[in-house]
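Colleague: Could you take me through how the chains and domains meet in this entry?

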Amino acid sequence: MNKFLIYLGGFVILLFYFILTIFILPGDFLLTEQLIPEPTFQTILSDSEIILGDSFRLDIVSVNNGDYADIHIVSVAFPDLIEIGDVVKIATYHFSLSPSYISIGEKIGSKYSGGVETTIAQYPSIEAMSRPLKPNIETHFDLVVTPNTSGIFNIYVKSIGIPHSSDVSHYPYSGILDHQNEYVQVHSVTVNP
Amino acid sequence: MTNLTSNLTENFLKSRSEIIFLVGSILTSFGILLVTVGGSWDITNHLLSKPETFFSPPHALMYSGVAISLTGVVLSFIGWKNLQKFRDSYFLSLKVQLIGIGLLTGAGPLDFIWHSYFGLDGLLSPPHFTLIVGMFLCSIGGMIGISRYLKFNNSESISKYLLILAVIPVWLSASGIISSLSLPFSSTDFFEFNPEPTIAFIIASLAYPFLISLSLTLIFRLSNYQFGLLSILGGLFLLIYSSTAIIPNFAMFDTIQFYSLNLIPFIVADIFLKLNRSKFSLFFVGGLVGSVFYMVYYPYVMYTYNEILLGKLVSPSLIYFVYFELIQTVLVYTLIPAIVMGFLGVMFSDRLSKKILMN
């Protein structure tokens, strides 16, 4: 009789365990709020017009105004270049991971999917990354650019927080879409011959 | 005077040789335990991209573990060389420990050369796999040595708790082998060592349940059916996994309550085997503990199943969301194979325990 009761108790506890771990707790945890990072940035462009051979500076200060971000990315792309070469030099870099240089033809993530959806890079870019980034921490990414041809020199800047759990997890929120189908802020400098 | 000292040392070694061999085997197992704990912690740090230097706590734990294991194997060798009885019986343990430590220490320079040529490597690479196999063999050697000592010396119940130290490194290092063959953490700039997702799915679904069942029923048999060891072994595994894979990630801290519930099947299995250790009861226990592998290997096992079932980007704060999103689907696919592998674990533990105990 005692043995029977112990077995019965054991099976009831097991049933309780399976219901709790497979049905109840997963449902509860899935209802908890996801972290929402909110990256933004401010840029200072040293010149809007230069003479060919001169340099200009682009200073970017980014910050995460939302929740803790697993990854905080600031991407700077150069749609008028074929390769970065000596045209762009990093002057200041305050991110936890080394900068990543992306060349034309490389497979890159798109649509804020973090790499789940991909596309092919049509122009070079540099990605600065911090993993993780706590709220309200500033990161600095300053570039010195020396264009090698005259004309309009464009620079695309954007920032993305991962998890990309909301429309505010990227910055800017609207505007021009780049080759990754993601919004960018455009800075242009006229390079005179 | 020199001759006298030499004779005294020789006499001491001969009279204490079996104990020296046991201490050596214990140190080998304990060292591997530290390496596996450090390794699991290190994987978590890499996933969280925590700043890492050579002198990080997980690395310190791993290198201390290697040093302790090396000392253990040397002691085992000294003990075995001076054994007056059971020399042949302990040779298997020594042989496996020696091969294991050879691979383990050889993996260090190999890893250095690999890093020099190919930069950072992932979880699965030739040097890492050499290291994990070395750990596994060392822990097997230590387990055989400890188990045989306890058997030959008719050790009392209290000494049988040493079997926990003997089996847990085997469980953890074998888990390391399965993880490296199934987790998608091995893609680098030079090599794509990530396992093919379908094969990884099959490996994880079959090997983890088999291993849990094998480890738990093996300790039960090696201890001559002692009550409590199964629960303690299972509990220790959960404790190590939670403290190295869950607690370091603050986003998952709340899920500790979910993970700690996994002690329930271990305790119930232990009680059922206390009441009845028939074949049927053992098979029930094997099937039970095999069926809960997805919960026991929380959270990282999710990465294997995500590859094929969801394909989501999983950043550290999303780990448990994706894990819980998948739990029911994974169980639908894996429950029956997991139970069958649990049965196989029981059958294999029967043969293995007989071989270890020379019955």
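Colleague: How many residues of chain A are in contact with chain B?
Modeller: This is a predicted model, and contact is counted between C-beta atoms, placed from the backbone, that lie within 7 Å. On that criterion, 26 residues of chain B take part, and their partners in chain A number 27 residues.

Colleague: Which element gives the most to the side of chain B that touches chain A?
Modeller: The elements of chain B that give two or more residues to this side are helix 10 (263-275) and helix 14 (319-357). The greatest contribution, 7 residues, comes from helix 14 of chain B.

Colleague: How far apart do the C-alpha centres of domain 1 and domain 2 of chain B lie?
Modeller: The domain assignment of chain B places domain 1 at 1-170 and domain 2 at 196-359. Between the C-alpha centres of these two domains of chain B, the separation is 25 Å.

Colleague: Which helix gives the most to the side of domain 1 of chain B that touches domain 2 of chain B?
Modeller: The contact takes 19 residues from domain 1 of chain B and 21 residues from domain 2 of chain B. On the domain 1 side, at least two residues each are supplied by helix 2 (17-47), helix 5 (126-152) and helix 6 (162-182) of chain B, and the residues of that side divide into 10 nonpolar, 6 polar and 3 charged. With 6 residues, the one that gives the most is helix 2 of chain B.

Conventions:
Residues are numbered from 1 along each chain as its sequence is written. Chains are lettered from A and ligands numbered from 1 in the order in which they are written. This is a predicted model: local features need pLDDT of at least 70, side-chain atom pairs count only at pLDDT 80 or more; totals for chains, interfaces and linings use all residues. Two residues are in contact if their C-beta atoms, placed from the backbone, lie within 7 Å. Helices (H or I, at least four residues) and strands (E, at least two) are DSSP runs, numbered from the N terminus. Domain bounds come from an automatic or database domain assignment. Ala, Val, Leu, Ile, Met, Phe, Trp, Tyr, Cys and Pro count as nonpolar, Asp, Glu, Lys and Arg as charged, and the others, Gly among them, as polar.
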